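This report describes selected features of one protein model. It begins with a pair of residues in a sheet and then turns to the nonpolar cores and to a loop.

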Amino acid sequence: MKRVVVVGASAGGLATAEALRGLGYAGGITLIGSESCLPYDRPPLSKQILAGELEPNQILLRRPEDLDALDLDLRLGETAEAADTIGRKVVVGGGLIEYDALVVATGARPRQLPGSEGVRGVHHLRTLEDALALKAHLAPGRRLIVVGAGFIGAEAASTARGLGVEVTMIEPGPVPLAGALGPLVGRMLADVHRDHGVALRTGTAVDGVLSGGGRATGVRLADGTEVNGDAVVVGIGARPNTEWLRGSGLPLSDGLVCDEYCRAAPSVYGVGDVARWHNALFGGLMRVEHRTNAAEAGLAVARNLLQPAEQRPFTPVPYFWSDQYDLKIQAYGHLRGHEEVAIVDGGLDRRRLIAAYRKEDRLVGVVAVNSRPKELRTWRAAIADRRPWSAVAGDALAPV
């Protein structure tokens with residue numbers, strides 16, 4: 001194998017390149033990134049960067065000299081336009097880059113609100129440029145509308161309130177993060193946001209952006225109600241960046257569809273937010289938009305590329321975290337589609353707890369709020385061991 005081309009220079013793509021070198025691969029590695037800046041960490045964008053606690057150079061994933069040591073053909077500010085999986089070539093800037101193995105790590109992009117295209121004052125939080133543009137709008141007394149109470153929206157609301165900004169958060173679900181954490185924990189988070197002065201409006205959707213003179217002045221709800229503000233943050237999910245792969249023959253459906261080895265086709269692998277792979281631990285396809293998963297997948301793909309006769313299925317227990325106000329929220333597992341939630345330690349009223357999640361007769365996830373890491377790791381091990389719900393903690397799993 002003479003050359004590996006990695007398309008996507010964020011956490012997953014860089015982790016793949018580093019793992020290849022760490023495992024002894026001495027061939028060529030081309031790392032292509034659409035942003036012109038050096039690879040950086042994205043979780044701080046909605047927290048420390050937005051709050052002004054960190055500068056852009058403090059969130060770089062690696063120092064320039066560390067990247068130089070990897071001996072990469074680093075193509076920043078370039079975008080892959082197509083992939084020829086028969087001829088094993090990637091089209092970049094009208095030119096062709098040949099590969100022996102291709103790793104797709106192109107991530108995802110934010111979903112847009114109707115009527116928001118080109119309107120000043122409408123923000124997303126996917127790139128460093130996005131975060132810096134929003135940061136310039138945040139000052140005491142300004143009015144911010146947050147559309148979507150998922151992780152990005154909730155963290156943006158939390159950071160903005162810490163800066164003295166008036167925040168209205170609008171969510172079509174019954175509570176924040178209902179899809180990810182369920183209504184039980186979601187109700188607690190709703191109370192936390194309200195306690196910190198957020199005007200939270202749930203059970204209603206945003207129909208479009210209001211504007212005047214090319215600048216956002218608020219949003220229009222599905223029932224016709226208008227909410228005014230100085231800026232709008234949109235956090236309504238993301239779409240995987242797979243358009244450049246159309247016509248390649250690769251399987252595309254809510255991402256690049258991969259098998260249990262993260263392989264989409266011979267010599268083509270997917271990593272990070274763009275990959276929808278078969279996680280045999282949970283028995284189905286999943287696409288995970290979290291930082292830790294991207295890095296873990298990069299290592300797994302590097303191993304499978306270099307050891308084709310000893311490939312290992314990629315079966316992580318997905319991990320994610322969120323910082324909101326004084327809450328540290330951490331979770332392991334695959335929580336979506338769960339059938340029951342039980343508080344197994346602490347309590348909702350104390351805002352320190354561990355919640356376990358059941359699907360059929362199996363523990364599939366756990367969420368900890370302000371709990372010790374050691375306790376959480378014990379529950380992670382139970383998920384990885386496929387422990388049945390009835391055997392995990394006995395009477396402690398009585399639902400609330």
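In this predicted model, valine 90 has isoleucine 97 of strand β6 as its bridge partner. The strands β5 and β6 pair in the antiparallel sense over four bridges. They belong to an open sheet of three strands, arranged in the order β4-β5-β6 with antiparallel pairing. In general, the strands of a sheet pair through backbone hydrogen bonds, in either a parallel or an antiparallel manner. Here β4 and β6 are the edge strands, each pairing on one side only. From one strand to the next, the twist averages 25°.

| Strand | Residues |
|---|---|
| β4 | 80-84 |
| β5 | 89-92 |
| β6 | 95-98 |

Val90 also has a place in the largest nonpolar core, which has 91 residues; together with Leu102, Leu181 and Tyr357, Val90 touches the most other members. Helix α6 (residues 178-195) supplies the largest share of this core, seven residues. A second, separate core has 24 residues, among them Tyr40, Leu45, Leu138 and Ala156.

Not counting residues up to four places away in sequence, leucine 181 touches Leu189, Phe320, Ile329, Leu335, His338, Tyr357 and Val367.

Is glycine 237 buried or partly exposed? Glycine 237 counts as partly exposed because its relative accessibility is 39%, which falls between the limits of 20% and 50%. Glycine 237 lies in the loop between β16 (231-234) and β17 (238-240). Beyond residues up to four places away in sequence, glycine 237 touches Arg109, Pro110 and Arg111. Glycine 148 is 89 residues from glycine 237 in sequence, and their C-alpha atoms are 8.3 Å apart.

Key. Residues numbered from 1 in each chain as written. Predicted model: local features only at pLDDT ≥ 70, side-chain atom pairs only at ≥ 80, totals over all residues. Heavy atoms only, no water. Core = buried A, V, L, I, M, F, W, Y, C linked by side-chain atoms within 4.5 Å. Buried < 20%, exposed > 50% of the residue type's maximum accessible area, 1.4 Å probe, protein only. Helix = DSSP H or I, 4+ residues; strand = E, 2+ residues; numbered from the N terminus. Contact = heavy atoms within 4.5 Å. Pairing = 2+ DSSP bridges. Axes fitted to C-alpha atoms, helices over the stretch in contact; angles between N-to-C directions.
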